[in-house]
Amino acid sequence: MSTLSGQLRSTGHDWRNPSTWHLRTRLVLVAMALLVAICGAIGLFSYASMDSFLTRQLDERLAQASRISSAAGRPQSGNPAGRPDPLEGRGQGIGTLIARVSDGAVSSAGFLDDDASRGSLSSADDQILLDLVPNSAPVDRTLSTGTYRLIAVTAPYGDTIVTGLPLAAKQNTLASLVWTMVVVSTGGLVVIGLAGTAMIRRTMKPLEQLSEVATKVSRLPLDAGEVALAVRVPPSAAHPGTEVGSVGYALNKMLDNVSNALEARQESEMKVRQFVADASHELRTPLTAIRGYTELMRMTEHFTPDGAKSLARVQSQSERMTTLVEDLLMLARLDEGQPVKVSDVDLTQLIIETVSDAKVMAPDHIWQLELPKEPVVVRGDATQLHQVLANLLSNARKHTPPGTTVATGMMRSADGSAVLTVTDDGGGIAPDFIDRVFARFARADASRKNPVTIPAAAPTAPTAEGTSGLGLSIVQSIVAAHGGSVSVTSRPGRTEFAVRLPAAP
C-alpha cells in the first residue's frame, strides 16, 4: 500500500495544476509562434510582391518618360548645334529628372518641382549621373533631392539622355503596406491568442479535474488505518470516447480497485488487532496466576539449588511474558485510536524522575541532564509520556556497554513545540537497520549482521534482560497519539532519539 500511495503521489505531482498551467501556456506559445511565423511569411511575400509590382510599374513610366525626353532633346532641323532642353518636353510628370550628357559632361540637368518649376542638381549629383552605364537596366540612386529610379539612353543624335523618376511614392506605398500588415497582424494575433487561450483552457479543463483528483488521492494516508477513498473523476471527464476521457475512466477504475483493496486490508487489520487485544487480555489472567503460585511456592516450599534455580527461571520468564502481553495490549489500544487522557504534564519534572530511576537500575552508565531553566509543560497523558521516556532510556541502557554516557535533554523549538532528546555515545545503529528501528518485533542480531559494531539504543537479539522488539514501536505509537513525531539519527559514537510534541495551547 505504501508503494501504491507513492505512485499516486507521483501522479498527483505530475498532473498538479501548475504543471497543467505550464502545459496550457506552452500550447498557447507554440500556437502564437506558428501564427507569428505565418504572418511574417505572408508579410514578406506581400512586401516582395508589392515591391516587384511597383518597380515594374515605375519602370514602364520611366521608359515612357525616357522616350519623351529623348524626343524633346532632339536637335532642330537646320540647327544641329542647338540642343533644346529635354525637361521642357510635353507629358513629363512632377518630380521627373532629366539630364543631357554630351562629350563626357552634363550639359543640362534638372527636375520638375512640385509647383512645375525647374529645380537644379548639385555637382555631386552630376557625377552620379555620369557614372551611369548607357542603355542598361534602370538603377536606384540617392541624389541631393531624394532617391530616384534612373535610366541612361543613348539618343540617335549621339547624346546620352538620363531620365529619372522619384521613388518616394513607391517607398511610401511600401511603408503603408508594412504598417498595415503590422497592425492587422498584431490585432489578429491578439484576437486569435485570446480565442486560442479560451479554447485551450476549455480543452484542458478535464486534465485539471484529473489533476485535482490525483492530488487529493496522493495526500491521503494510504499506508495505514481506515481510508475513505471516495474521490473520483467527474463523469464529464471520464468518458472513454476521448483521449482525456479514457485516462479519466482508467483512473476511476484504478481508484475503485484501490478502494476495494484498502477495505480488504482494513478488515484484515481489524481482525488481527482484535485477535491481539483478545489474546493479550486472556493471557493476563493465567500469567498472573503463574506468578502468584511461583511466589507462593518460593515462600512455602523448600527446593534443592537446581529446583530453586528452575523456579526462578519460571518466574523470570512469566514476568517477561507479562511485560510482552502488556505491550501488545497497549499497542492494540493505541491502534484502535482510543482517546488520550489529556492533562498538563511537566516534562522537566518527568525527565528528572525517570532518569533518577534509570540511575538506580544502571549505575554503571553515566546519566546526564540538559534541561532549560523554565519548566516545559505539554498537554498529554503523563503515564504514557513516562513510558516513552522510560523505553528510550531502557534501550540506551540495554544496548550500550557500561561507561556509556546517556544525555537526556529538553528544549523549545521555534514554533513552540517541545523537543525531548535521548543521546548516547555508544557504537551506533547499523545503517541497514536504522530504517526498521521503529518496526514491531524488529531486532538486529549483532552477531550475524554486524559483528564489530554493536547497535546502540536499538532492539537487538535477546540479552540477559530480554527484549521483545516492541519498545520503540510503543514510543512511536504513543507520540503519534499525542500529535507528535519521533526520529532517530545515528553514527558511530552518537545516537540520538528526538521526540517532538506539540505546544500546549
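**Helix packing and sheets in a predicted model**

Author: In this predicted model, the axes of α7 and α8 cross at roughly 40 degrees and come within 10 Å of each other.

Reader: Why are α7 and α8 called oblique to each other?

Author: Angles under 35 degrees count as roughly parallel, and 65 to 115 as roughly perpendicular. The crossing of α7 and α8 is at roughly 40 degrees, and the two helices are therefore oblique. The crossing of α7 past α8 is right-handed.

Reader: What makes the contact between α7 and α8, by residue and by class?

Author: From α7 the contributors include Leu347, Leu350, Ile351 and Met361, and from α8 they include Leu385, His386, Leu389 and Arg397. Sorted by class, the contact has eleven nonpolar, two polar and two charged residues.

Reader: Which sheet does α7 pack on, and how is that sheet arranged?

Author: The sheet is open and has five strands, ordered β8-β10-β11-β13-β12, with mixed pairing. The strands at its edges are β8 (366-370) and β12 (485-491); each has a single partner strand, so one side of each is left without a neighbour in the sheet. From one strand to the next, the twist averages 15 degrees. Helix α7 (residues 347-361) packs on this sheet and touches β8, β10, β11 and β13 (494-501).

Reader: What is the direction of α7 relative to β8, and what is that of α8 relative to β11?

Author: The direction of α7 makes about 175 degrees with that of β8. Helix α8 (residues 382-398), which lies across β8, β10, β11 and β13, runs at about 20 degrees to β11.

Reader: How do you know that β10 and β11 pair?

Author: Pairing requires at least two bridges between two strands. Strand β10 (residues 405-412) and strand β11 (residues 418-424) have seven bridges, in the antiparallel sense. One of the residues involved is alanine 407, whose bridge partner in β11 is threonine 423.

Reader: What makes β13 largely enclosed by the rest of the structure?

Author: A residue is buried when its relative accessible area is under 20%. Six of the eight residues of β13 are buried, so this strand is largely enclosed. Strand β13 is joined to β11 by seven antiparallel bridges, with threonine 421 opposite alanine 498. Seven bridges, again antiparallel, join β12 to β13, where valine 488 stands opposite phenylalanine 497. Between β12 and β13 lie two residues of a hairpin, and glycine 493 in the turn has a positive phi of about 95 degrees.

Reader: Why do β3 and β4 count as edge strands?

Author: They belong to an open sheet of six strands, in the order β3-β2-β1-β6-β5-β4, with antiparallel pairing. Both β3 (118-119) and β4 (139-143) have a single partner strand, so one side of each is left without a neighbour in the sheet.

Reader: How do you know that β2 and β3 meet the criterion for pairing?

Author: The criterion is at least two bridges, and strand β2 (residues 105-112) pairs with β3 over two bridges in the antiparallel sense. Phenylalanine 111 stands opposite glycine 119 in β3.

Reader: Why is glutamine 315 called buried?

Author: The cut-off for buried is under 20%; glutamine 315 has 9% relative accessibility and therefore counts as buried. Glutamine 315 is found in helix α6 (residues 305-335). Apart from neighbours within four places in sequence, glutamine 315 is in contact with Thr294, Glu295 and Arg298.

How values were computed:
Residues are numbered from 1 along each chain as its sequence is written. This is a predicted model: local features need pLDDT of at least 70, side-chain atom pairs count only at pLDDT 80 or more; totals for chains, interfaces and linings use all residues. Side-chain values use heavy atoms; hydrogens and water are left out. Helices (H or I, at least four residues) and strands (E, at least two) are DSSP runs, numbered from the N terminus. Buried means under 20% relative accessible area, exposed over 50%, partly exposed in between (1.4 Å probe, protein chains only). Contact means heavy atoms within 4.5 Å. Axes are lines fitted to C-alpha atoms, for helices over the stretch in contact, and angles run from 0 to 180 degrees between N-to-C directions. Angles under 35 degrees count as roughly parallel, over 145 as roughly antiparallel, 65 to 115 as roughly perpendicular and the rest as oblique. A crossing is left-handed if the near helix is turned anticlockwise from the far one by less than a right angle, and right-handed if clockwise. Ala, Val, Leu, Ile, Met, Phe, Trp, Tyr, Cys and Pro count as nonpolar, Asp, Glu, Lys and Arg as charged, and the others, Gly among them, as polar.
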